[in-house]
Amino acid sequence: MMAPKTWPGYGARWAALLCAALTSGCALHGDRAGRAMELPSAWRHAQAGDTASPIDAQWWRSFGSTELGALIARAQSRSNDLAAAVARVRQADARARIAGAALQPQVTASLGIGREGRLGGAATVAGSTYAAGFAASYELDLWGRSAALRDEALQGLRASSFDRDTVRLTVTADVAGSWLLALALRERTGIAGRNLDNARRVLALVEARSRAGAVSPLDLAQQRGLVAAQQRAHAALHQQAGDAETALALLLGTTTPAFDLQGPRLDALQVPVVGTGAPSALLARRPDIARAEAQLAAADANVLAARAALLPTVSLSATVGTGESRFGRLFDNPIYSLAAGLAAPVFDGGRLAGNRQLAEAKREELLAAYRAAIVGAFADAETALNGVSAIDAQAAAQAAELAEARRAAELSEARYRAGAETLLALLDAQRTLYAAQDLAVQLRMARLQARVSLYRAMGGGWQESRCTGAAPAADEGHTECV
């Protein structure tokens, strides 16, 4: 008698796959240790008097402007970018519902009616027939594939929620920065207008002295050139102010600036002190880091699902049905059937193995993205802190520069009226004063914008909400928190 044909190593292959599936969770859990990164113990550019107090989620109120609060509220309700992010959360919630459905039995009901009739000849017909039935099917999740796919979708939902929070923080900070820029350009335009008026006043004086022969044509040409240059600068700043308002309107979700900025002067705004806390706390304060971590967790679950797909599946099914020629007797003689099936991949051309390799490579990519998010967050924070300290130092020095420039311009004009100073000295004093006034406004704007950047870098008071942070129960396939 011929011995049965065997496939060498085939049983060993199944055993290896089974072991891989059963230990994959432990393997991935061990991989989590590879996420650890060395974090700094202190900020390199920490602010003087820095505190570890939490940041208010409505941090923009610390600038002391009701107009800014109204614009941010408008942006958060009308921003197209934020609306798109909210829609993506709802899509992710729907995907989580779909993925969770695989863990539940699938039940379908059917009801039908048919009729046979004779068109000709001697064929026997049965007349009307009625049928009704129920069918149920369920796939046993022996290796956790369906649960892993559900977990992947739930982590995708968390990632989408964190992405929405990141977009909200970005929109809020952009509105604050654009508003400060618009106010600064409005002030700079006003300064340019006042300096233009002053230059014209000096030009009238020079022209009067020129008619009296007290100044040369060169002096007159230089002052006229200064007036023209300040006219050009004034027109350029007016254009930039209009562009800034258009950019702000874009953030507010409107096509044209349908608002009139009534904000105060920049020097009337408060310069807040932003609490940075310990560097390690940044990991829990940034929604983009939480998003990257959730995406990595989804990739972990996807790897588990891809490995489990290599193993056999067991499915159960049951049907109950009946059929009669009379509707009143439809449920008199129901028939049921029960079935169980085992399916195992034998040959698929490497598709399942390729899916597993793809999932593992995707996880490696997202691990690198997670690390990059952490590195980028700390770079943002250090850059913002450095900007705050450096711009504050510049502003302090520039205040003295502006005071001396104003004094020099006043003395120069008085001496020129008395004939004790040349026009060239007066022109230089005017240009110096104009540059100092313009730079003072720019530095005030930069100080305030540096705080906005620091608020953004520190997460803007973000905290993981109960909806996105709570782990769903084992029998939940979705969450209502969107």
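**Close-up views of a predicted model**

**View 1. Overall organisation of the chain.** In this predicted model, residues 24 or more positions apart account for 85% of the contacts in the protein that have a separation of 6 or more. The secondary structure amounts to nine helices and four strands, and along the sequence these elements follow the pattern α-α-α-β-β-α-α-α-β-β-α-α-α. Of the 482 residues in the protein, 38% are buried.

**View 2. The largest nonpolar core.** This core has 66 residues, and those with the most contacts inside it are Trp-59, Val-175, Trp-179, Leu-180, Leu-266 and Met-458. Two or more residues come from each of the helices H2 (66-78), H3 (80-101), H4, H5 (217-251), H6 (287-308), H7 (351-417) and H8 (423-457), and it is H4 that gives the most, with 14 residues.

**View 3. The surroundings of Leu-266.** Leu-266 is one of the residues with the most contacts inside the largest nonpolar core. When residues up to four places away in sequence are not counted, Leu-266 touches Leu-180, Leu-183, Ala-184 and Glu-187, as well as Val-441, Arg-444, Met-445 and Leu-448. Among these partners, Leu-180 is likewise listed with the residues that have the most contacts inside the core.

**View 4. The largest cavity and its lining.** The structure holds one cavity of 30 Å³ or more, and the volume of the largest cavity is about 70 Å³. Its lining consists of Glu-139, Leu-140, Asp-141, Leu-142, Trp-143, Arg-145 and Ser-146, together with Ala-308, Pro-312 and Thr-313. Strand S2 (127-140) and helix H4 (145-211) each supply at least two residues of this lining. By residue class, the lining of the largest cavity divides into five nonpolar, two polar and three charged residues.

**View 5. The pairing of strands S3 and S4.** Strand S3 (residues 313-324) pairs with S4 in the antiparallel sense, over nine bridges. The bridge partner of Val-320 in S4 is Tyr-336. Strand S4 (residues 335-343) is hardly covered, for the count of buried residues among its nine residues is zero. In a regular strand, side chains alternate between the two faces of the sheet. Thr-313, which also belongs to the lining of the largest cavity, lies within the residue range of S3.

How values were computed: Residues are numbered from 1 along each chain as its sequence is written. This is a predicted model: local features need pLDDT of at least 70, side-chain atom pairs count only at pLDDT 80 or more; totals for chains, interfaces and linings use all residues. Side-chain values use heavy atoms; hydrogens and water are left out. Buried means under 20% relative accessible area, exposed over 50%, partly exposed in between (1.4 Å probe, protein chains only). Two strands pair if DSSP finds at least two bridges between them. On a 1 Å grid over the protein atoms alone, a cavity is a set of points where a 1.4 Å probe fits but cannot get out, and a pocket is an open set with protein on both sides within 12 Å along at least five of seven lines; lining residues have an atom within 4 Å of a point. Grid points are joined across faces, edges and corners, and a volume is the space filled by probe spheres set on the points. Ala, Val, Leu, Ile, Met, Phe, Trp, Tyr, Cys and Pro count as nonpolar, Asp, Glu, Lys and Arg as charged, and the others, Gly among them, as polar. A nonpolar core is a set of buried Ala, Val, Leu, Ile, Met, Phe, Trp, Tyr and Cys residues joined through side-chain atoms within 4.5 Å. Contact means heavy atoms within 4.5 Å.
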